[in-house]
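Let us walk through this structure step by step. Keep the sequence and the 3D view side by side.

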Amino acid sequence: MEGPLISVIVPGYNIECYVEKCLQSIQKQVYKNIEVLLIDDGSIDCTGQIFDKYAKMDSRFKAVHQKNQGVSVARNLGLEMANGEWICFVDGDDYLDTNTFENIMLEIANQDIDAVMFEYCVAYPNGEIQRHNLQQTYGILTNEEAMNNIFNYAPFCWAKFFRKKIVNNVKFKQNIYRGEDTIFAVEAFHRAEKIYSTEKNYYYYVQSEGSAVRGGLNNRQLTGIDAFEWLHDFSIKYYPELKAQALINYINIMIEFYIEMEAEKNININIKNKILQQTKKYKTEVMQVVSGKQKIKFKMFYIWPFFFGKCINVFRKKRY
């Protein structure tokens, strides 16, 4: 199929064990009109060399190396370099179905679509593949329906296509290291006039120790609190029907961070105080909208956060 140029942005940091599969899945795409922007974020393993190898063997691949500054800086560099009418992101330790670009371009042909979201599979180290099909709405979506999918089921920038014109002035927030891709997706889809969603699983999200969101709690990860606070404020301003879910997500991430801080003895007193103050601030409101097991979880946290954190960590140790 002849079609518009797609810019594929692949950031990578120390993923030499996984990146070959990722790049092969892109190189073997049935749809050929692509440019692949490989951004090496200061890797100290062979990731950068693998990027260079693909750039030499395939003129559609371009490799760039920067000092380690984080995935947001890498993705923003890719956005600056992109020449395509369409933009998509693939994490360097994940991979795609080889028909991804072809099928999506066929599905949206002649429809003036501005943004696309599709489903994904979770690939586990033991070889198990688990399909993810949780979005409630497919086909042509309103902005509200798309936001509902992002807030509840697909809070990331991958497994999505963005027409370049809607992301020209959208950047990843470089001071946020968890949830920054959710913010990007929300800002981009908010600007889209026509959105399409497909139930087909084209993206493979690989569970590995090297992924950015795994590997223990640190100060960078704690910036996720700021991300979810931003998303809560954004929902109040533009999508009040999602305010309750955004608030639940915000409180939930703070509780999870509190539990992790207790487990790892990583007690950042300023963050801990912020968690306790912010969760208390929204206590009445969140307890009115939360339900089921989460309501029990939140209630226990509010009664005795320290004891709750200790109990959860003991339970998790026994379970895993």
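What volume does the second largest pocket have? The model is predicted, and in it the second largest pocket has a volume of about 190 Å³. Its lining is made up of 15 residues. Closest to the pocket's centre are Glu85, Trp86, Asp112, Ile113 and Arg163. By type, the lining residues divide into seven nonpolar, two polar and six charged.

Helix α1 covers residues 19-27, and helix α2 covers residues 47-57. Their axes come within 10 Å and cross at roughly 20°. Angles under 35 degrees count as roughly parallel, so α1 is roughly parallel to α2. The crossing of α1 past α2 is right-handed. On the α1 side, Val19, Glu20, Leu23, Gln24 and Gln27 make the contact. They meet Ile50, Phe51, Lys53, Tyr54 and Met57 of α2. Six of these contact residues are nonpolar, two are polar and two are charged.

A second pair lies further along the chain. Helix α7 spans residues 180-191, and helix α8 spans residues 224-238. The axes of α7 and α8 come within 10 Å, with a crossing angle of roughly 20°. That angle makes α7 roughly parallel to α8. Here α7 passes α8 in a left-handed crossing. From α7, the contact uses Thr182, Ile183, Val186, Glu187 and His190. From α8, it uses Ala227, Trp230, Leu231, Phe234 and Tyr238. The contact of α7 with α8 divides into seven nonpolar residues, two polar and one charged.

Conventions: Residues are numbered from 1 along each chain as its sequence is written. This is a predicted model: local features need pLDDT of at least 70, side-chain atom pairs count only at pLDDT 80 or more; totals for chains, interfaces and linings use all residues. Side-chain values use heavy atoms; hydrogens and water are left out. Axes are lines fitted to C-alpha atoms, for helices over the stretch in contact, and angles run from 0 to 180 degrees between N-to-C directions. Helices (H or I, at least four residues) and strands (E, at least two) are DSSP runs, numbered from the N terminus. Angles under 35 degrees count as roughly parallel, over 145 as roughly antiparallel, 65 to 115 as roughly perpendicular and the rest as oblique. A crossing is left-handed if the near helix is turned anticlockwise from the far one by less than a right angle, and right-handed if clockwise. Contact means heavy atoms within 4.5 Å. Ala, Val, Leu, Ile, Met, Phe, Trp, Tyr, Cys and Pro count as nonpolar, Asp, Glu, Lys and Arg as charged, and the others, Gly among them, as polar. On a 1 Å grid over the protein atoms alone, a cavity is a set of points where a 1.4 Å probe fits but cannot get out, and a pocket is an open set with protein on both sides within 12 Å along at least five of seven lines; lining residues have an atom within 4 Å of a point. Grid points are joined across faces, edges and corners, and a volume is the space filled by probe spheres set on the points.
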